[in-house]
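I am opening a notebook on a structure that is new to me.

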Amino acid sequence: MCRLEKSERKREMGSGLVKGGVEKHLKSSSSRMKLWMIRATTSVLLWTCIVQLTAIGETWGPRVLTVWPPCFNRESDTASAVVQDKVPAVPARVLPPKRVYKNNGYLMVSCNGGLNQMRAAICDMVAIARYLNVTLVVPELDKTSFWADPSEFQDIFDVDHFITSLRDEVRILKELPPRLKKRVQMGRVLSMPPISWSDISYYHNQILPLVQKYKVVHLNRTDARLANNGQPLEIQKLRCRVNFSALRFTSQIEDLGKRVIKLLRQNGPFLVLHLRYEMDMLAFSGCTQGCNKEEVEELTRMRYAYPWWKEKIINSDLKRKDGLCPLTPEETALILRALDIDPNMQIYIAAGEIYGGERRMANLAKAYPKLVRKETLLEPSDLRFFQNHSSQMAALDYLVSLESDIFVPTYDGNMAKVVEGHRRFLGYKKTILLERKLLVDLIDQYSNGSLTWDEFSAAVKESHADRMGGPTNRLVIPDKPKEEDYFYSNPEECLQMSSFDPLSST
């Protein structure tokens with residue numbers, strides 16, 4: 001009996017031990033499951049945070065990344081500290097809000113001419129695109145003119161700044177959407193030149209219906225296609241905003257331009273002489289003053305070789321007397337001396353290769369021995385990437401011209417006009433606007449002995465006292481836009497502006 005009770009107690013104790021072990025095992029499994037769930041949840045939360053911070057980092061950049069733990073950085077803490085010491089903090093750029101509007105279609109434009117003719121055309125096309133409520137495709141630059149410069153828009157201008165800085169006015173794309181791009185590549189696009197010197201109403205009444213019908217219109221010529229005067233004030237202001245703010249050169253061009261200016265400033269004040277006496281200008285204009293027989297024949301052959309230069313038979317002497325020829329280097333030397341320009345002043349030649357070379361530059365170099373060019377200030381390696389890219393070279397000259405103490409153009413071409421207007425915008429910086437018709441007559445009188453040097457100098461100074469780039473009204477000649485003042489040489493609507501106000505949001 002006692003043995004039986006002991007046996008039962010052992011079984012009960014054994015059963016209790018087994019039961020307790022199972023309960024303990026179940027409790028342990030439950031704890032591990034809870035721990036696993038906590039770890040899994042924590043991992044999900046951590047990765048969610050990382051994804052969110054990565055998205056923020058695309059907007060905020062390195063400022064967020066620098067506070068992440070080292071395991072999330074590719075570089076070590078030491079490397080990060082070195083980079084932070086060397087790279088200054090860049091403030092976040094505030095972009096203007098996008099303008100929302102119903103898109104009427106797409107406008108493609110192919111600019112023609114040299115850098116500054118294309119620059120003015122781009123300003124016009126932005127204003128036109130804004131007025132028509134269309135999307136503008138980044139303009140194509142001229143690659144087939146005399147200069148044969150293969151540069152694309154982004155090789156000369158900061159294309160991202162161009163697009164984003166104008167986003168509150170007009171939508172600009174680097175290229176058409178794929179479906180429309182394919183259609184253009186197949187040649188299914190309306191391509192046409194707009195009428196020169198047109199009022200903005202022409203684009204609204206004639207061009208906009210074509211854009212709405214075909215979805216894409218290609219304007220294949222852009223020079224002087226928007227009138228100088230009679231446009232809405234908002235259009236004129238937008239032309240200025242594009243010219244003075246949105247069209248910024250690439251950092252490579254800007255940095256090299258600053259270097260040239262710094263080198264010049266180290267030696268005191270400097271004058272920029274836009275000596276437009278290059279082969280293409282002389283061939284186009286037919287001006288051969290001072291050229292020998294072989295040079296005259298060469299220039300004539302070149303003029304006939306370009307079919308879009310319509311004027312072929314030209315009387316150089318008559319054209320010069322009418323003030324329609326660029327001043328020669330010899331004539332320029334006389335005028336600078338007559339204006340009492342200090343012979344010790346640095347003179348930066350903003351031009352391409354002067355036709356006739358050193359022979360034609362001899363008088364100017366003798367009168368002003370401190371003649372310099374970008375090629376003499378910089379090392380050949382500095383200009384290596386600019387060779388055979390005349391528009392990029394012209395961009396360098398443009399920057400130096402803006403910063404000069406005095407700017408003197410010898411011909412009123414596109415660069416002369418656009419720089420003149422930009423210098424007005426910068427505070428009416430001194431720009432001597434030469435009256436060529438009067439000057440060649442005075443030069444001839446001095447050369448034949450009719451005027452003494454003092455009389456000649458006094459006449460030159462008196463006639464140019466009010467031609468120094470100061471405030472003045474733009475000359476308007478109705479129905480004769482070629483004879484009136486160019487908008488970009490004197491954008492008077494913009495010269496009292498403290499800021500560029502966007503057009504209405506409608």
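Predicted model: local features only at pLDDT ≥ 70, side-chain atom pairs only at ≥ 80, totals over all residues.

Residues are numbered from 1 along each chain as its sequence is written, and side-chain values use heavy atoms, with hydrogens and water left out.

Cys291 counts as buried at 15% relative accessibility, where buried means under 20% relative accessible area, exposed over 50% and partly exposed in between, with a 1.4 Å probe and protein chains only. I then checked Cys123, whose sulfur is 8.3 Å from the closest cysteine sulfur, in Cys240, again too far for a bond; Cys123 is buried, with a relative accessible area of 0%.

How many disulfides does the structure hold? I found two. One joins Cys240 to Cys494, with 1.9 Å from S to S, and this link is right-handed, with 85° about the S-S bond. Cys240 lies in helix 9 (residues 233–246) and Cys494 in the segment after helix 20 (453–463), so the pair ties together parts 254 residues apart in sequence; helices are DSSP runs (H or I, at least four residues), numbered from the N terminus.

The other links Cys287 and Cys325, their sulfur atoms 2.0 Å apart, and is left-handed, with -85° about the S-S bond.

**The core**

I next looked up the largest nonpolar core, which has 76 residues, and found Ile122, Val126, Phe153, Phe162 and Val242 listed as having the most contacts inside it. Such a core is a set of buried Ala, Val, Leu, Ile, Met, Phe, Trp, Tyr and Cys residues joined through side-chain atoms within 4.5 Å. Its largest share, 12 residues, comes from helix 4 (residues 115–132).

**A helix pair**

I followed helix 4 to helix 17 (residues 390–403), and the two pack at an angle of about 80° with their axes 9 Å apart; axes are lines fitted to C-alpha atoms over the stretch in contact, and angles run from 0 to 180 degrees between N-to-C directions. The contact (heavy atoms within 4.5 Å) involves residues including Leu115 and Arg119 of helix 4 and Ser391 and Tyr398 of helix 17.

Note on methods
Disulfide = S-S within 2.5 Å.
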